[in-house]
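Thanks for coming. I will go through one model today, starting with the sheet and then moving to the core.

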Amino acid sequence: FEAKDQSDFARLTYRTLCGIRVIEVVQEMQTEEIEQVKVQSELFVPYFTEGLTWAVRCKSDESALLLRQEVEQEVGEQLHDALHARFHTKVNLTHPKLLILVVVVGKDVHIGIDYAGVDLIRREYKIFSSGNSLSGGTAAAFIRLCGFDKDAITLDCFSHEGTIGIE
């Protein structure tokens, strides 16, 4: 996906049905030790504004060599030290306006802007799900893969909660 500007990311975030997150990767590096994580804070300047609230979150897989909490703290401290005086920003861990997401896979570290701040695959209509429920994101992906035609008649004879029909 090649974005021309931030509005492309915003549009993708709004329209995606199958994605979990929409992230604009700002910086990438490879490292095995937390001491080697060096954030190029000038790359993040375009995303910060006066008085902005922000937070850093980290996602990793089993192969990650760095601990999530340490990564969040290190990246957060580096950005705070570099940008706080300039923008008078505040860290808000519960409801930040800007969410910086660090994704660690093995030695690879990707730092970016999370445009939604929440998992996009969740659906508001899925209040009471059973153990046999199909997730909204899976249903949406299934519909796309099957070549669904909105003008054709569709029969979902295995409907339990109507997820495919809703999607």
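Before the first angle, a definition: axes are lines fitted to C-alpha atoms, for helices over the stretch in contact, and angles run from 0 to 180 degrees between N-to-C directions. Contact means heavy atoms within 4.5 Å. Helices (H or I, at least four residues) and strands (E, at least two) are DSSP runs, numbered from the N terminus.

This is a predicted model, where local features need pLDDT of at least 70, side-chain atom pairs count only at pLDDT 80 or more, and totals for chains, interfaces and linings use all residues. Residues are numbered from 1 along each chain as its sequence is written, and side-chain values use heavy atoms, with hydrogens and water left out.

The sheet is open, with five strands in the order β1-β5-β4-β2-β3 and mixed pairing; two strands pair if DSSP finds at least two bridges between them. β1 and β3 (90–91) are the edge strands, each pairing on one side only. Seven bridges join β2 and β4 in the parallel sense. Ala 55 stands opposite Leu 99 in β4. Across β2, β3, β4 and β5 lies α2, at about 145° to β2.

Now the core. A nonpolar core is a set of buried Ala, Val, Leu, Ile, Met, Phe, Trp, Tyr and Cys residues joined through side-chain atoms within 4.5 Å. Buried means under 20% relative accessible area (1.4 Å probe, protein chains only). The largest such core has 27 residues, and α2 gives the most to this core, with five.

Last, Asp 114 in β5: its relative accessibility is 4%, so Asp 114 counts as buried.

Technical notes
Buried < 20%, exposed > 50% of the residue type's maximum accessible area, 1.4 Å probe, protein only.
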